[in-house]
Amino acid sequence: MIPTPARSRLPLARLAAASLCALACACGGGGGGGSKGQPPANLTYSQSPAIYLRGVSVEPNVPTVAGAVASWIVNPSLPAGLALDPASGIVSGTPAALTPAADYTVAASNAFGSAVFDLRLSVVAPARFALCGHIADSTLSAYWIDGEGGLHASGYVLPAPSATMPRAIAAHRSGRFAWVADFEGDSISTYSLDPASGRLVAQAPLPTPSRPAALALHPFAEILY
């Protein structure tokens, strides 16, 4: 029987040192350290240019950015009523004054630097709309009015089945609601109105004693006659 060669045995201290050396080599220990922190990059916004309507709450304008962000600032300050969230960079609010188009520089920063983006926005007056009821099919149409008084179709809506033959319309001074007298339906219908687009949404009609034919909204109080 051929004897098996004796295995060499390293002292424990040398074995431990060899293991540490192998680990250091595998981790790139000779390269001089780990990865370095990076500043934010590729900052942009979901809406730019953004056109906002005075007095109408805006849809949050959300940023996207690569990397970690510790703080957000904007220069110059946003128009009155709008704000930049210093924690998320989201622009939101209700603009209070007409503002011509301009660039607002947003900076997303961390300890290693910043990424900047010129957010272009303006605040304009809400469009004016005209509402029209059609007795043939009981629909209600919206039109936006241009600067010369021209009408441009903005869509129509079907009322509830019981709301038939619209004969009169009254709109709230905020531009957010309208009421319609349904002559054959013996009811008054309520519609929500988007002051930005003129989009109408029908709500449940309110029954009345008999064929309503006229409506009037008090100019200074929340009273509908």
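Strands here are DSSP runs of E with at least two residues, helices are runs of H or I with at least four residues, and both are numbered from the N terminus. With that in hand, welcome to a predicted model, where local features need pLDDT of at least 70, side-chain atom pairs count only at pLDDT 80 or more, and totals for chains, interfaces and linings use all residues. Residues are numbered from 1 along each chain as its sequence is written, and side-chain values use heavy atoms, with hydrogens and water left out.

Let us begin with the whole protein. It has 16 strands and 1 helix. Of its 225 residues, 28% count as buried, a word that stands for under 20% relative accessible area, while exposed is over 50% and partly exposed lies in between (1.4 Å probe, protein chains only). The mean pLDDT, the predictor's confidence in each residue from 0 to 100, is 80, and 80% of the residues reach 70 or more. Over residues 1-35, however, the pLDDT is below 50, and this stretch has 1 contact in the model beyond near neighbours in sequence; contact means heavy atoms within 4.5 Å. Where pLDDT is low, the predicted coordinates should not be read in detail.

Now step inside. A nonpolar core is a set of buried Ala, Val, Leu, Ile, Met, Phe, Trp, Tyr and Cys residues joined through side-chain atoms within 4.5 Å. The largest one holds 18 residues, and Leu 43, Tyr 45, Tyr 52 and Leu 121 touch the most other members. Two or more residues come from each of strands E1 (41-45), E2 (50-53), E5 (82-84), E7 (99-110) and E8 (113-124). E8 gives the most, with 5 residues. Leaving aside neighbours within four places in sequence, Leu 43 is in contact with residues including Pro 63, Trp 72, Val 106 and Phe 117. A second, separate core of 7 residues includes Leu 140, Ala 142, Val 157 and Tyr 191.

How are the strands put together? Two strands pair if DSSP finds at least two bridges between them. E7 and E8 run antiparallel and are joined by 10 bridges, with Thr 105 having Asp 118 in E8 as its bridge partner. A hairpin links E7 to E8 through 2 residues. E2 and E8, by contrast, run parallel and share 4 bridges; here Ile 51 stands opposite Ser 122 in E8.

E10 (residues 140-145) pairs with E11 over 5 bridges, and Leu 140 stands opposite Val 157 in E11.

Finally, look at the loops. Most residues other than glycine have a negative phi, and most peptide bonds are trans. A cis peptide bond joins Ser 48 and Pro 49, with omega about 5 degrees, and Pro 49 sits in the loop between E1 and E2. Another cis bond joins Asn 75 and Pro 76, with omega about -5 degrees; Pro 76 is in the loop between strand E4 (71-75) and E5. Ser 138, in the loop between E9 and E10, has a positive phi of about 65 degrees and is buried, at 11% relative accessible area. Asp 186 also has a positive phi, near 50 degrees, but counts as partly exposed at 30% relative accessibility.
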